[in-house]
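Dear colleague,

Please find below the structure that I am handing over to you.

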Amino acid sequence: MGERTWTIETICDALASPAAKQRFLGEINRAPVHEIVTVFAKWQRIAAGLAAAAERGRDLARAEAETGEVPGEWTDVTDRVLAEAEAARTRGVA
């Protein structure tokens with residue numbers, strides 16, 4: 001994935017979740033002028049992380065389609081991910 005030009009629109013696209021988009025737009029719209037760059041940078045990091053994770057997922061899916069296996073060593077972290085998702089929902093993030 002090449003270097004991306006981040007805008008409010010591209011951050012919204014990368015967030016994908018309607019709730020995350022709404023939270024981002026609410027924060028950016030309510031930020032005082034001297035905090036807009038900080039808020040934007042925070043959400044740019046979040047969006048970039050999500051975009052990178054999606055790209056890694058597509059790469060793994062391609063590798064699995066070609067070889068029948070997902071490359072690398074894997075540890076089952078399902079319980080941890082479920083617990084983190086529940087904590088995020090409790091905080092109103094997801």
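The notes below go from the whole chain to one residue.

Please bear in mind that this is a predicted model. The protein contains 4 helices and 0 strands, and its pattern along the sequence reads α-α-α-α. Its radius of gyration is 16 Å, well over the 12 Å that the globule rule gives for 94 residues, so the protein is more spread out than a compact globule. The C-alpha trace spans about 50 × 35 × 20 Å along the principal axes.

As to burial, 20% of the 94 residues count as buried. The accessible surface of the protein is about 7100 Å², and carbon and sulfur atoms make up 56% of that surface. Among the contacts with a separation of 6 or more, 40% are between residues 24 or more positions apart.

The charged side chains may be summarised briefly. There are 12 positive and 15 negative side chains in the protein, and 9 Å separates the centres of the two sets.

Glu-27 is found in helix 2, which covers residues 18-30. Is Glu-27 buried or exposed? Its relative accessible area is 19%; because buried means under 20%, Glu-27 counts as buried. Setting aside neighbours within four places in sequence, Glu-27 is in contact with Val-39, Lys-42 and Trp-43.

Yours sincerely

Key: Residues are numbered from 1 along each chain as its sequence is written. This is a predicted model: local features need pLDDT of at least 70, side-chain atom pairs count only at pLDDT 80 or more; totals for chains, interfaces and linings use all residues. Side-chain values use heavy atoms; hydrogens and water are left out. Helices (H or I, at least four residues) and strands (E, at least two) are DSSP runs, numbered from the N terminus. The radius of gyration is taken over C-alpha atoms; the globule rule is 2.2 Å times the number of residues to the power 0.38. Buried means under 20% relative accessible area, exposed over 50%, partly exposed in between (1.4 Å probe, protein chains only). Contact means heavy atoms within 4.5 Å. Accessible areas come from the Shrake-Rupley method with a 1.4 Å probe; for residues, only the protein chains shown count as cover. Lys and Arg count as positive and Asp and Glu as negative; His and the chain ends are not counted. The place of a charge is taken as NZ of Lys, CZ of Arg, CG of Asp or CD of Glu.
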